[in-house]
Amino acid sequence: MTDNVIVVNDLRKIYKIGTIEVRALDGVSFTIGRGEVVSIMGPSGSGKSTLMNTLGCLDHPTSGSYVLDNEEVSTLDDDQLAGIRNRKVGFVFQSFNLLPRQTALANVELPMRYGEAISDRRKRAAEALESVGLADRLSHRPTELSGGQQQRVAIARALVNNPAILMADEPTGNLDSKSGKEIMELLLNLNKTRGTTLIIVTHDPTISAQTQRVIRLRDGKIEEEEL
């Protein structure tokens, strides 16, 4: 029996604009196995961002079921959803989203400040930075780091709570080709060595080609899945 970390069944997200209904997600169903590397692709307006927000527990679906790490999350209220998000989801964004006045270490500690009190959070943050090759950059601020190094800090921050899934939204979009290649190698290596489930939202076919499976969306529906 497959150990699925994500089970989505007939997921729908409907936005109402006046009398018009926009079906951002229209009956989406799929599973993602624990430790799998999956990319989500589709044209603008296909529902990629809505799906990512739902999988990342940033938004509620209108209807349908979403089970994350054996827990039904589609019916949770905002506070419960925030707790699940902090414990079970790590985010990596195109724009890094680091606090500019804080050191790399302080940025990585941030997710632990919103959870339970953790006496060794500084040690865990340092270990996370070491795992992404930044053991010698703990006290550096974002302005003192290259784009690739900033993204490594963001990845360390996403991993520090040992999430069930790591979601990366165009993680190489703001990087030059060399740095982008290094970041993809890092993400894939983390999947290999730690078993981290990796979900990448991307427009780039060279990125999706490195994943184990591609989910293509169009008009809020799954157009096809490619192995």
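**Close-up views of the predicted model**

**View 1. Ala 168 stands opposite Ile 200 in E8.** This is a predicted model: local features need pLDDT of at least 70, side-chain atom pairs count only at pLDDT 80 or more, and totals for chains, interfaces and linings use all residues. Residues are numbered from 1 along each chain as its sequence is written, and side-chain values use heavy atoms, without hydrogens or water. Strand E7 covers residues 165-169 and strand E8 residues 197-201 (strands are DSSP runs of at least two residues, helices of type H or I at least four, numbered from the N terminus). Five bridges join E7 to E8, and the two run parallel. Met 167 is set opposite Ile 199 in E8.

**View 2. E6 joins E7 through five bridges.** These two strands run parallel. Phe 93 stands opposite Asp 169 in E7. Four of the five residues of E7 are buried, so E7 is largely enclosed by the rest of the structure (buried: under 20% relative accessible area, 1.4 Å probe, protein chains only).

**View 3. Six strands make up an open sheet.** The order is E6-E7-E8-E3-E9-E10, with mixed pairing (two strands pair if DSSP finds at least two bridges between them). E6 and strand E10 (221-226) are the edge strands, and each pairs on one side only. From one strand to the next, the twist averages 20°.

**View 4. Helix H1 (residues 48-55) packs on the sheet.** H1 touches strand E3 (37-41), E6, E7, E8 and strand E9 (213-218). The direction of H1 makes about 155° with that of E7 (angles run from 0 to 180 degrees between N-to-C directions of lines fitted to C-alpha atoms, for helices over the stretch in contact). Helix H6 (residues 177-194) also packs on the sheet, touching E3, E7 and E8. The direction of H6 makes about 150° with that of E8.

**View 5. Thr 103 sits in the loop between strand E6 (89-93) and helix H3 (104-113).** Thr 103 is buried, with a relative accessible area of 18%. A polar atom of the Thr 103 side chain lies 3.1 Å from the backbone nitrogen of Ala 106. Apart from neighbours within four places in sequence, Thr 103 is in contact with Leu 138, Ser 139, His 140 and Arg 141 (contact: heavy atoms within 4.5 Å).

Technical notes:
Buried < 20%, exposed > 50% of the residue type's maximum accessible area, 1.4 Å probe, protein only. Polar contact = N/O pair within 3.5 Å; in protein donor to acceptor, adjacent residues only side chain to side chain.
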